[in-house]
Amino acid sequence: MQKERGRTSRVRRRKLFRSSESRGVNESNKPEFIELKKWLKDRKFEDTNLVPARFPGTGRGLMSKTSLQAGQLIISLPESCLLTTDTVIRSYLGAYITKWKPPPSPLLALCTFLISEKHAGDCSPWKPYLETLPKAYTCPVCLEPKVVNLLPRPLRAKAQEQRAHLEEFFTSSRGFFSSLQPLFSEAVESIFTSSALLWAWCTVNTRAVYLQHCKRGCFSAEPDTCALAPYLDLLNHSPDVQVKAAFNEDTRCYEIRATSSYRKHEEVFICYGPHDNHRLLLEYGFVSTRNPHACVYVSRDILVKYLPSTDKQMNKKISILKDHGFIENLTFGWDGPSWRLLTALKLLCLEAGEFTSWKKVLLGEVISDTNEKASVDITRKICHYFIEESSAALQKVSRMKEEEATLINQLSLVETLWTEELKILQASAVTLSSLETAFT
């Protein structure tokens with residue numbers, strides 16, 4: 001047979017290559033998923049739409065076994081499969097929780113159950129689910145300190161707050177853990193360690209779905225809204241999709257409906273919310289490339305970095321911005337500097353004779369061409385500063401990847417974050433160049 005030649009065959013081969021490149025590798029025959037499927041079947045759940053698979057770029061996820069239509073029910077997970085505080089209260093931990101004062105938080109109850117069941121190993125009825133959970137996580141609280149120090153400053157500060165919160169959470173929980181000693185032959189200190197609590201906290205924080213529970217006196221006043229959903233939690237996030245997800249009181253199932261269609265053998269996504277990459281990394285441990293919600297945050301010290309130090313009204317201007325909520329969430333995005341950032345800089349660039357017009361600035365009115373031009377010029381300088389900072393950070397990460405082979409995965413995560421921020425800043429620089437041209 002004569003070999004295919006010509007443009008048509010080349011296009012066909014390229015399409016096949018791209019299709020195979022993005023298609024997932026079925027993992028349903030892996031031992032952990034075989035056991036999970038049996039476990040779920042015993043709890044009245046069988047999935048006919050999806051199959052576990054590994055995808056380039058997103059890793060482990062769920063793949064459509066057949067084409068799915070918009071509005072179709074893609075997962076209906078029975079209540080018996082969910083791990084909630086009800087599960088914990090009905091377990092051997094229930095009596096210890098109800099008598100502990102002050103009442104433990106719902107989060108502590110879930111974490112304690114996860115640690116205890118993981119420690120039980122083969123004896124745990126939840127073992128098939130536990131075997132599918134990550135052994136480690138990549139939230140900033142799990143990263144090495146030298147890697148955390150490479151994060152953008154606003155995220156680094158939040159990561160340090162997160163670490164401090166986890167340390168306090170462990171310290172305040174040790175008394176409750178000690179009360180559980182009658183349940184274990186080993187010392188509880190060797191079971192409920194800080195690393196074990198970190199793993200359990202990350203499991204709940206990164207994988208739980210929202211499920212409102214009634215207030216119960218055995219728990220503290222913190223919201224009881226988390227449920228771990230085996231199998232369903234294999235769905236990865238995409239900022240470009242929308243789904244309808246909720247607990248159906250009639251069917252007593254947690255249901256997810258697609259709002260868009262999927263082809264056969266395509267990865268099925270859900271959306272965790274309109275989160276920027278800082279939030280995604282902080283709460284879930286990953287960065288989303290081409291995330292439309294991604295942005296670069298401008299802190300107060302950078303906001304005033306290129307303003308004249310001789311401005312006697314500067315403190316008053318900063319006070320006005322703070323009083324009217326214009327000192328936080330100032331950003332660069334894919335479309336350029338945010339309206340909030342430009343507005344804050346317009347107010348800060350007001351000349352002495354224009355200062356009485358500050359209210360008009362906050363309402364979006366143009367004060368003068370001079371003010372408009374000055375604010376755009378300062379914004380451009382801030383953008384350029386961040387571009388240099390991002391480029392320097394990427395060089396530093398690249399060098400460290402060569403020197404610290406054991407941290408390659410953590411460093412690659414940080415590298416992706418900085419790369420996305422640099423792309424945003426470069427896009428913003430183009431927008432600002434257009435704005436500056438309008439004033440010349």
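Which residues does L77 touch, not counting residues up to four places away in sequence?

1. This is a predicted model. In it, L77 touches L40, F45 and L82, then A229, P230 and L232, and also R252, C253 and Y254, with residues up to four places away in sequence not counted.

2. L77 belongs to the largest nonpolar core, which has 69 residues. Together with I75, Y231, L232 and L235, L77 is among the members that touch the most other members. Apart from this core lies another one, of 55 residues, including V298, M314, W358 and F386. In soluble globular proteins, nonpolar side chains tend to be buried together.

3. On cysteines: the structure holds zero disulfides. C226 is in none, and the nearest cysteine sulfur to it, that of C111, is 9.2 Å away. C226 is partly exposed, at a relative accessible area of 27%.

4. C253, one of the residues that L77 touches, is buried, with a relative accessible area of 11%. The closest cysteine sulfur to that of C253 is in C81, at 8.3 Å; a disulfide needs the two sulfur atoms within 2.5 Å, so the distance of 8.3 Å is too far for a bond.

5. Five strands form an open sheet with mixed pairing, in the order β1-β2-β3-β10-β7. β1 (25-26) and β7 (236-237) stand at the edges; each has a single partner strand, so one side of each lacks a neighbour in the sheet.

6. Within this order, β3 (residues 59-64) pairs with β10 (residues 267-270) in the antiparallel sense, over two bridges. M63 has E267 of β10 as its bridge partner.

Note on methods
Residues are numbered from 1 along each chain as its sequence is written. This is a predicted model: local features need pLDDT of at least 70, side-chain atom pairs count only at pLDDT 80 or more; totals for chains, interfaces and linings use all residues. Side-chain values use heavy atoms; hydrogens and water are left out. A nonpolar core is a set of buried Ala, Val, Leu, Ile, Met, Phe, Trp, Tyr and Cys residues joined through side-chain atoms within 4.5 Å. Buried means under 20% relative accessible area, exposed over 50%, partly exposed in between (1.4 Å probe, protein chains only). Contact means heavy atoms within 4.5 Å. Two strands pair if DSSP finds at least two bridges between them. Helices (H or I, at least four residues) and strands (E, at least two) are DSSP runs, numbered from the N terminus.
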